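Okay, thanks for coming, everyone. I'd like to walk you through one structure today, starting with its charged pairs. Have a look at the screen.

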Amino acid sequence: MKKAKLIACHECDFLQWETPLVENGVAQCQRCNATLYRCLPATYDRALALTLAAAVLFVVANCFPIVGLWVNGVLVETTLFGAAYSLYLDGMWPIAGLVFVTTLLMPALNIASVIYVLIPLHIGGLPQRSEIVLRVLRHVAPWGMIEVLMLGMLVALVKLQHIASVVPGVAIWAFGAVMVLLAAAAVTFNPRDIWARLDAVQGRGMPPALASHATQVTAARAGLFVCHDCGLLSKPLVHGHAGTCPRCSAALHLRKPNSLLRTWAFLFAAMILYIPAVLLPVMVTSTLFGAQSDTILSGVVYLWTSGSWPLAAIVFVASVVVPMLKILSLIYLAWSTQLRSPLIPHTRTRIYRAVERVGRWSMLDIYVITILVAFVQFGTVATVDAGSGAIAFGAVVVLTMFAALSFDPRLIWDAVEPEGE
C-alpha cells in the first residue's frame, strides 16, 4: 500500500496529506483553493510526439517568412528573427532583445528541455542531470509567449492590409501549429510524475521525520521547507532560515528573501515608466506627406475607426487596462501584506493568481510594432520606426512580471495565523 505523504501549498504554505485522485482529477488546497496537483495519465510518448512535432514546426516557423507584402509588384518578406534584427539595426536593441528572448530563446529552451527529459523515459532510462533541466523548464515557461505573438501577428496583419496586399507566409501557420502543439503537450507532460519516478529509482522517499507532523499548520510553523522548483518538503540540516533542497539542489527559504522590498522596487520602477509608455509615441510613421506619431491609445483608435473594433478592444485591454490593473493590484497586495492585514485572504490570493496569468498579454503591442517596423520600410515613400514609448512600455511589462514573481503569496496567509503558537 502506498504511504501517504505531506505536501505544502505553494500559495499559502498549508500542510496537508496527499490524496489519491481519479484520472484527470485535480487536488486543491483545503485553505486557499490553489491547485496542488493533477492526476494525469503518464503519457510520456504522447507528450514527446507532440513536442517533437512542435520542435520541427518551430524550426520551420523561424526559417520561412511570417507574411508577404506586395508593394508595386515587389514581394517584401521577413522572418521573425529578421523582424527583431530590423529593430536592432534601428537602434531599438532593448525591444529587439525582448522579442528575441520571449519568442525565440525561451520557447526553444522550453521545447529542448521537454525533449531532453522525455527521450530517455521513452526508451526506459533516466535523463542525466534531470533535476537541473526540470528547474530550467519551470523558470523559462512563463517567458515563452508564442500565443501572445500570434495575436500580435493578427493585429499587425489588419494594419498592414491598409498599406498593401498581404500574403500570409508559411511561418504564421507554423507558429499557430506550434502554439497548439505546445498547449497539448503541456496537458500531457506532468513534471510531478517525473520527480516521483526519479525518487523511486534513486531510493529517495519522504524522510521519516516528516511523517510525525500533523496537518492544520503551515510548513514554516512545522519547521519545514517547501521547494518551489520540485515541490519536495524537507527539514533543514541546521537551524536557520535557508537551506538546499536534497532533491534538486535549489536554494530553500521559509519565505522568498526580501519579497516585499523587491516587489516595491519593481513596482516603483514600473509606475515611473508607465507615464512615458502611455504618453510617448510607440511608433512613428513617415510618408511623403509628413510624419505621424502614434501612442498606444491612438493605435487603439485607429483599429476602432478602421472597423476592426474587436481587435481594438483586445489591444486596449491588453496594452492599457491590463498593465494599469496589474500595477494597482500589486500595489494593493504589497500594501495590505506590508500592514499584515488579515482581511479577505482568499480574495487577495485570487487577485495574485489573476495578475500572474494576464501580465504576459501586455506584450501584444511590442510584437505588433516589431512586425510593422520590419515590413514598412519603403524609403522616402513610407517607413515605420519604433518610438521611445515602446522601450518604456516593454520595460513596464517586464518589471510588472518581475514584481509578480517576487511577491510571495504565503505572506498574505501569515497574517491570518494566530500569534504565539
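This is a predicted model: local features need pLDDT of at least 70, side-chain atom pairs count only at pLDDT 80 or more; totals for chains, interfaces and linings use all residues.

Residues are numbered from 1 along each chain as its sequence is written, and side-chain values use heavy atoms, with hydrogens and water left out.

Let's take Glu11 and Arg353, whose closest N and O atoms are 2.7 Å apart in their salt bridge. Where do the two sit? Glu11 is in the loop between β1 (6–8) and β2 (15–17), and Arg353 is in helix α12 (residues 345–358), 342 residues apart. By helices I mean DSSP runs of H or I with at least four residues, and by strands runs of E with at least two, numbered from the N terminus. Both Glu11 and Arg353 are buried; that's under 20% relative accessible area, with exposed being over 50% and partly exposed in between, using a 1.4 Å probe and protein chains only.

Next pair: Arg360 and Glu147 form a salt bridge, at 2.9 Å between the closest N and O atoms. Arg360 is in the loop between α12 and α13 and Glu147 is in helix α5 (residues 146–160), so this one ties together parts 213 residues apart in sequence. Arg360 counts as buried at 14% relative accessibility, whereas Glu147, at 24%, counts as partly exposed.

Then there's Arg410 with Asp408, also a salt bridge, closest N and O atoms 2.9 Å apart. Arg410 is buried, at 1% relative accessible area, and Asp408 is buried at 1% too. Salt bridges with shared partners also join Asp13, Arg255 and Asp414 into one network.

On to helix α13, residues 364–375. How many of its twelve residues are buried? Twelve of the twelve, so α13 is largely enclosed by the rest of the structure. Among them are Asp365, Tyr367 and Phe375.

Last stop, strand β5 (residues 67–71): four of its five residues are buried, so β5 is largely enclosed as well. β5 pairs with β6 (residues 74–78) in the antiparallel sense over five bridges; strands pair if DSSP finds at least two bridges between them. Trp70 stands opposite Leu75 in β6.

Note on methods: A salt bridge is a side-chain nitrogen of Lys or Arg within 4 Å of a carboxyl oxygen of Asp or Glu.
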